[in-house]
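Reader: I have just started learning to read protein models. Could you take me through some features, step by step?

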Amino acid sequence: MAGKVDLDGNAIKPITICMIGAGGFIGSHLCEKLMHETSHKVLAVDVYSDKIKHLLEPATLDWADRIQFHRINIKNDSRLEGLIKMADLTINLAAICTPADYNTRPLDTIYSNFIDALPVVKYCSENGKRLIHFSTCEVYGKTIGAFLPKDSPLRKDPAYYVLKEDTSPCIFGSIEKQRWSYACAKQLIERLIYAEGAENGLEFTIVRPFNWIGPRMDFIPGIDGPSEGVPRVLACFSNNLLRREPLKLVDGGESQRTFIYIKDAIEAVLLMIENPARANGHIFNVGNPNNEVTVRQLAEMMTQVYSKVSGESSIETPTIDVSSKEFYGEGYDDSDKRIPDMTIINKQLGWNPKTSLWDLLESTLTYQHRTYAEAIKQAMSKTTAN
Ligand SMILES: NC(=O)c1ccc[n+]([C@@H]2O[C@H](COP(=O)([O-])OP(=O)(O)OC[C@H]3O[C@@H](n4cnc5c(N)ncnc54)[C@H](O)[C@@H]3O)[C@@H](O)[C@H]2O)c1
Ligand SMILES: O=c1ccn([C@@H]2O[C@H](COP(=O)(O)OP(=O)(O)O[C@H]3OC[C@@H](O)[C@H](O)[C@H]3O)[C@@H](O)[C@H]2O)c(=O)[nH]1
């Protein structure tokens with residue numbers, strides 16, 4: 001790693017990073033990248049470590065002295081401030097961030113995304129430490145175009161749907177649509193961080209991920225993680241494919257998303273870590289505007305790709321429609337369309353995503369098949385035997 005330079009040609013000095021939520025999907029990929037490709041140290045904070053256990057043991061690995069796991073719940077642990085003080089940079093990924101929770105556990109969602117993040121911001125600000133905080137593309141809510149008549153030609157005008165960090169409004173539904181509890185809490189913590197920057201000089205970067213997907217995302221119900229519960233769409237559809245059951249399309253699967261491969265997105269985060277002068281004070285969209293599909297198209301593509309990687313033909317009825325009330329319960333609502341504007345990240349960090357949706361699904365579903373197919377077969381044959 002010797003001789004690595006930043007985007008301005010300056011030598012990159014190894015730093016210590018306090019990574020909160022390091023045991024999650026994004027955290028596990030970021031830890032991997034930092035261990036494999038840099039000399040930085042990581043103080044990894046989480047309540048779980050399963051997704052990074054390959055980086056923590058055995059102690060003989062090349063990077064054994066560069067990663068330490070701290071099993072800490074940041075809600076109530078006095079060790080947090082000490083760890084932030086020991087580090088040069090704090091990255092906060094900890095959150096409840098699965099839509100099935102937003103309307104069914106709104107209090108936990110708001111506490112997790114706002115109240116629990118407050119001390120992290122405060123400790124960074126008081127101790128003069130840099131903070132990279134993970135927000136979400138959900139802070140944009142719905143597009144302006146969603147409110148135009150269905151046949152309006154303006155719906156085709158990017159000015160009505162492309163989401164820009166510095167100009168797009170944040171449009172949420174009514175309070176009884178508790179889906180927006182998450183987006184609203186994330187928006188308020190963004191505003192607080194921004195205000196700490198403006199009034200107290202906090203050095204911060206805010207990341208708005210647009211549907212990052214890949215291996216280790218969420219859990220497969222009944223196999224790992226909680227036995228009950230609804231993960232995000234990649235894991236829901238993977239679970240259906242593995243069990244040879246129809247993929248469920250919520251409210252017709254008409255919502256649109258842009259999906260980005262986790263490994264492309266992690267490149268962007270590493271650039272932020274290693275180029276503070278270019279990243280501080282900015283909010284960055286991180287997504288792939290070229291990978292847009294409706295959820296129905298995603299289901300069709302995943303069905304095709306899974307057939308290819310598993311060698312199994314698809315089932316006769318690959319998808320079924322379900323209402324959002326049936327699937328998520330009362331108070332669900334949805335983002336209609338999410339296309340990130342890439343101007344700011346392009347200008348500041350020269351970053352662009354690379355991987356097509358087909359390619360990222362192929363590598364991700366190969367991983368899902370390899371990791372889960374056997375365990376699912378065994379679990380299903382046990383159920384049939386009982
Ligand atoms: N994956 C995406 O596409 C996406 C999109 C938008 C925003 N984000 C944001 O990025 C961040 C990481 O997302 P992810 O996809 O890796 O989710 P994840 O659920 O896999 O990871 C979050 C991690 O935080 C940990 N955590 C939660 N509360 C904690 C607490 N009180 N103390 C200690 N650890 C705690 C969890 O155990 C988990 O390991 C979140 O803030 C999320 O809102 C992710
Ligand atoms: O089985 C399913 C699961 C999900 N869906 C639909 O698929 C779409 C995507 O759902 P996801 O669960 O991946 O989550 P969303 O894209 O709505 O939100 C996510 O966005 C960014 C992050 O902040 C969070 O990770 C999460 O809130 C939604 O329209 C949802 O209704 C299905 O049609 N069927």
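Reader: At what angle do helix α11 and helix α14 pack?

Author: Helices here are DSSP runs of H or I with at least four residues, strands are runs of E with at least two, and both are numbered from the N terminus. An axis is a line fitted to C-alpha atoms, for helices over the stretch in contact, and angles between N-to-C directions run from 0 to 180 degrees. In this predicted model, helix α11 (residues 295-310) and helix α14 (residues 357-385) pack at about 55°, and their axes are 9 Å apart. Angles under 35 degrees are called roughly parallel, over 145 roughly antiparallel, 65 to 115 roughly perpendicular, and the rest oblique. That is why α11 and α14 are described as oblique to each other.

Reader: Which residues of α11 and α14 make the contact?

Author: Two residues are in contact if their C-beta atoms, placed from the backbone, lie within 7 Å. On the α11 side the contact includes Met301, Met302 and Val305, and on the α14 side it includes Leu357, Trp358 and Leu361. By class, this contact has 10 nonpolar, three polar and one charged residues. Ala, Val, Leu, Ile, Met, Phe, Trp, Tyr, Cys and Pro count as nonpolar, Asp, Glu, Lys and Arg as charged, and the others, Gly among them, as polar.

Author: Before we go on, a word on conventions. Residues are numbered from 1 along each chain as its sequence is written, while chains are lettered from A and ligands numbered from 1 in the order in which they are written. As the model is predicted, local features need pLDDT of at least 70 and side-chain atom pairs count only at pLDDT 80 or more, whereas totals for chains, interfaces and linings use all residues.

Reader: How do the axes of α3 and α6 cross?

Author: The axes of helix α3 (residues 79-86) and helix α6 (residues 118-126) come within 10 Å and cross at roughly 40°, so α3 and α6 are oblique as well. Leu80, Glu81 and Ile84 of α3 meet Pro119, Tyr123 and Cys124 of α6. Sorted by class, that contact has five nonpolar, no polar and one charged residues.

Reader: Which residues have the most contacts inside the largest nonpolar core?

Author: In soluble globular proteins, nonpolar side chains tend to be buried together. A residue is buried if 20 or more other C-beta atoms lie within 10 Å of its own, exposed if 12 or fewer, and partly exposed in between, with C-beta atoms placed from the backbone. A nonpolar core is a set of buried Ala, Val, Leu, Ile, Met, Phe, Trp, Tyr and Cys residues joined through C-beta atoms within 7 Å. The largest one here has 101 residues, and Met19, Ile20 and Cys31 have the most contacts inside it. Beyond neighbours within four places in sequence, Ile20 is in contact with residues including Val45, Ile74 and Val120.

Reader: Is Phe69 buried, exposed or partly exposed, and where does it lie?

Author: Phe69 is in strand β3 (residues 67-71). Phe69 is partly exposed because 19 other C-beta atoms lie within 10 Å. Not counting residues up to four places away in sequence, Phe69 touches Ala44, Ser49 and Leu56.
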